[in-house]
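Look it over first, then follow the points below by topic.

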Amino acid sequence: MAKDSGVQGNIIIVGAGITGLAAAEWLRRDGWRTTLIDPVLPGSSEQASFGNAGLLARASVMPVASPSLVRKAPAMLLDPGSPLYLRWSYLPRLLPWLIPFYRNLSPDRIAPISKALSQITFDTNEQHLALAKGTPAERHICSGDFVTLFRNREEYESDTLSIETRKRYGLVPSTLTREELLQRDPNLGPQYGFGTVFEDYKWLSSPGEYVSDLFEAYLGEGGSFRQGRVLDMTPGSRPSVTLEGGEVLSADKIVLTAGVWSSPLAKKLGVKMRLVAERGYHVVLKNPAFTAPQPYMVTDAKVVMTPMQDALRIAGVVEFASIDATPAKAPVNLISKAIARVYPGLEIDETESWMGRRPTTPDSLPVLGEASGAPNILHAYGGQHIGLTIGPKLGRMVAALASGRKPNIDLSDYSVDRF
Ligand SMILES: Cc1cc2nc3c(=O)[nH]c(=O)nc-3n(C[C@H](O)[C@H](O)[C@H](O)COP(=O)(O)OP(=O)(O)OC[C@H]3O[C@@H](n4cnc5c(N)ncnc54)[C@H](O)[C@@H]3O)c2cc1C
């Protein structure tokens, strides 16, 4: 692929979930000749970007690794009714990730991690609009409140660390009594006596269609797509990828945005990468008799319930198991029980379930930039529970870095070499 005058050059983007698609689109807008490569079509159910809760979580500044987990995790792992699962045979392979994860559970890590999270989450609404505006994907962006449900006020107030951390970034929700919750939603079950509410939130009515609409818009503007699996990557002044089947494609630059599958490719480049599949599940109720007035975070089950297109989606749960292990039944049962608690009057008949893989690092921060010793290959992955939220911003920062512009935030926390 030769460099044309009037374009920045050729660039290959490996992986077309929300992160890769956003990177490809911003690179295309920046004048690059872009080729996205993925074995599946964007918007397919194999992607984490398909089945998430659809929440653009502008207030999610707390790391996955929070100090209270040290106390709670052992009991949670032994309790089949808790939203944390581990397949014990997977433990030896999890250890290289678990040890640094454990180190990040210390209270003094919260402030730097939450600062690094806040600078990539705070403008998610604007970032999604900038990406989707004028494309069919825009129709999927819904606006309203985001309510968190607690059993009582004490439960909310006991998490002083989250409250104090969020306060530092001006993220102070209003509170709701049981009566106020019922005024908003008369169907709410008796278990929930207290709530908090953030205004000016956004969510997607169909994350899968959002991604496929963005993809169609990208193709319509001249972006290219190649269906295939990248097996190897070679850095250098003319970096290349090797596809399944042996074909080699070279370009001026390459971007690695393959979600949790980025890890084996990064390791081939000599990068010490620590990324696991934090597996999560969703249950979708098709055409429910009634739905939620806005998204809920349901704290006792650690699930998000989102009103979507002709459906109510409940997503969450953390399961540590190998990336290709078959989906388990217990998380789906746990989610179904949570639905029955939130909406005891809702008949659960036509449902679908799904399992997806959050790409999660031990410090809850994404990876962004080039690795030392592997020039012209940019990395962007590790969005954990907020990968949909930050995907457009990561993609935009990739485009800036590829063109030699430095984004005006401190990027050192996201360094590829930090593990
Ligand atoms: C249950 C659940 C609920 C969630 N809820 C939310 C939420 O409400 N809000 C939020 O912000 N985030 C949420 N997330 C997280 C979010 O979905 C992910 O962090 C995000 O989708 C990751 O996007 P990605 O583009 O990095 O990866 P993916 O969407 O997984 O895309 C990676 C792509 O890379 C491709 N690929 C893999 N290997 C190769 C290869 N060798 N060559 C080429 N391509 C390859 C794959 O086929 C895939 O298409 C949730 C996740 C789960 C599981």
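In what order do the strands of the open sheet of 6 strands lie? The order is β8-β2-β1-β12-β19-β18, and the pairing is mixed. The model is a predicted one.

- On average, neighbouring strands here are turned by 20 degrees against each other, with direction ignored.
- Between β18 and β19 (residues 374-381) there are 5 bridges, and the two strands pair in the antiparallel sense.
- Ala 371 has Ala 374, in β19, as its bridge partner.
- In general, the strands of a sheet pair through backbone hydrogen bonds, either parallel or antiparallel.

**The sheet of 3 strands**

- Another open sheet has 3 strands in the order β9-β10-β11, with antiparallel pairing.
- Because β9 (230-234) and β11 (248-250) are at the edges and have a single partner strand each, one side of each is left without a neighbour in the sheet.
- From one strand to the next, the twist averages 25 degrees.
- β10 (residues 240-243) is joined to β11 over 3 bridges in the antiparallel sense, and Ser 240 stands opposite Ser 250 in β11.

- Helix α13 (residues 387-402) lies across β1 (9-14), β2 (32-38), β12 (253-256), β18 and β19.
- The helix α13 runs at about 165 degrees to β19.
- The largest nonpolar core has 115 residues, and Val 14, Ala 23, Val 255, Val 303 and Val 398 are those with the most contacts inside it.
- Helix α13 gives the most to this core, with 8 residues.
- At least three residues of the core come from each of domain 1 (9-48 + 209-274 + 364-414) and domain 2 (58-206 + 275-360).
- Apart from neighbours within four places in sequence, Val 398 is in contact with Ala 23, Val 255, Leu 378 and Ala 380.
- In soluble globular proteins, nonpolar side chains tend to be buried together.

**Around the ligand**

- The ligand is surrounded by 44 residues, of which the closest are Gly 15, Gly 17, Gly 259, Gly 280 and Gly 387.
- Elements that give two or more residues to this shell are α1 (18-29), β2, α2 (48-51), β13 (276-286), β16 (311-320), β17 (351-360) and α13.
- Which element gives the most to the shell around the ligand? Helix α13 does, with 4 residues.

Key. Residues numbered from 1 in each chain as written. Predicted model: local features only at pLDDT ≥ 70, side-chain atom pairs only at ≥ 80, totals over all residues. Pairing = 2+ DSSP bridges. Axes fitted to C-alpha atoms, helices over the stretch in contact; angles between N-to-C directions. Contact = placed C-beta atoms within 7 Å. Core = buried A, V, L, I, M, F, W, Y, C linked by C-beta atoms within 7 Å. Buried ≥ 20, exposed ≤ 12 C-beta atoms within 10 Å, placed from the backbone. Domains from an automatic or database assignment. Near = placed C-beta within 6 Å.
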